[in-house]
Amino acid sequence: MIKLSYACVFSLFFILFGCTTVTIEEVQHASTELVEGESIVVIGRRTSSDYETEPELISCIGKILAKGENQLNVIPEQTFVDNLYPWFEPRTAPLRVRDLQRLLAYDAVSEKFNDFNVHYIIWVDGNTETTRSSGSITCSLGGGGLGCFGFGTWDKKAEYEASIWDYKKKKLIGKISSEADGTSYMPAVVIPIPIIAQVQADACKGMALQLKHFFNNTEG
C-alpha cells in the first residue's frame, strides 16, 4: 500500500538540472584520413565480469558522432561486436594496436573488417561513479496524505579516455580524455525535488564533440 502511495508522489516530481564541470584533453599524433564510405566504430572497454565502460555512454558518443555537422559513419557497437564474435568479447579483445595482427590472421575477421570498411577504432575506457553522498529524506503517510521532509546531496565523477586506432596503418594516432564532476541535490518539503547534475551525459557530449574536431582536424 505504501509503495503505491510513493509511486503516485514520485510521478509528480519536478526534475531540475544541476551544474557539471567538464575538462577535455586531446593528444593527436597524426592527421586523420577518412574518405567517403569509410567507417569508425566506438567500443567500450570491458576487462572483467565486474568492470565495464557503460554501454549507454558508448551509445551516446556514437549517436552524437553520427548526427549534425561533420557527421561520421558510425557502426553501432553491438552490431560490430556481434558480427565479430567472439573476438571483441572482454577476454579476447585486443588491448594494443599490434594485437590486431593476431586477429587478422583469421580470414573471417579480416573479411568482416573489409565488409564494414572500418578505418578507425575508438576504444573508450572509464566509468561514472558516486564519490560522496550525505543527508536523508523521511516520508510519512498521515491524515493529510503522504509528505516528505529532508535534504540529500551526492557527488558524481565521470572519467573516460578514448584511444583512437588507425586500422589501416595499425597505429595509435591519438587520445582524448573527458572528466566531469557534478553535485546533485534533493530538497524535500512535502515532495522531493531532484536537481540532477548530468555528469555522464555531459562527459559524453564533451568527448563526442572533441572526437568530431579530431576527425576534422587535418593539421595533425
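1. Start with helix 3, which gives the most to the lining of the largest pocket: 4 residues. Helices here are DSSP runs of H or I with at least four residues, strands are E runs of at least two, and both are numbered from the N terminus. Helix 3 covers 77-83, and it and strand 3 (39-44) each supply at least two lining residues.

2. A word on what you're looking at: this is a predicted model, where local features need pLDDT of at least 70, side-chain atom pairs count only at pLDDT 80 or more, and totals for chains, interfaces and linings use all residues. Residues are numbered from 1 along each chain as its sequence is written, and side-chain values use heavy atoms, leaving out hydrogens and water.

3. Back to the largest pocket, which holds about 220 Å³ of space. A pocket is an open set of points on a 1 Å grid over the protein atoms alone, where a 1.4 Å probe fits, with protein on both sides within 12 Å along at least five of seven lines; lining residues have an atom within 4 Å of a point. There are 15 of them, and R46, V81, F88, E89 and P90 lie nearest the centre.

4. Next, have a look at helix 2 (residues 55-65) and helix 6 (residues 199-215): their axes, lines fitted to C-alpha atoms over the stretch in contact, come within 9 Å and cross at roughly 40 degrees. In helix 2, the residues that meet helix 6 include C60, I61 and I64, and the helix 6 side includes C204, M207 and L211; contact means heavy atoms within 4.5 Å.

5. Two loop residues deserve a click. Y85 and P86 are joined by a cis peptide bond, with omega about 5 degrees; P86 sits in the loop between helix 3 and helix 4 (99-104). N70, in the loop between helix 2 and strand 4 (74-75), isn't a glycine, yet its phi is positive, near 60 degrees.

Definitions and conventions: Grid points are joined across faces, edges and corners, and a volume is the space filled by probe spheres set on the points. Axes are lines fitted to C-alpha atoms, for helices over the stretch in contact, and angles run from 0 to 180 degrees between N-to-C directions.
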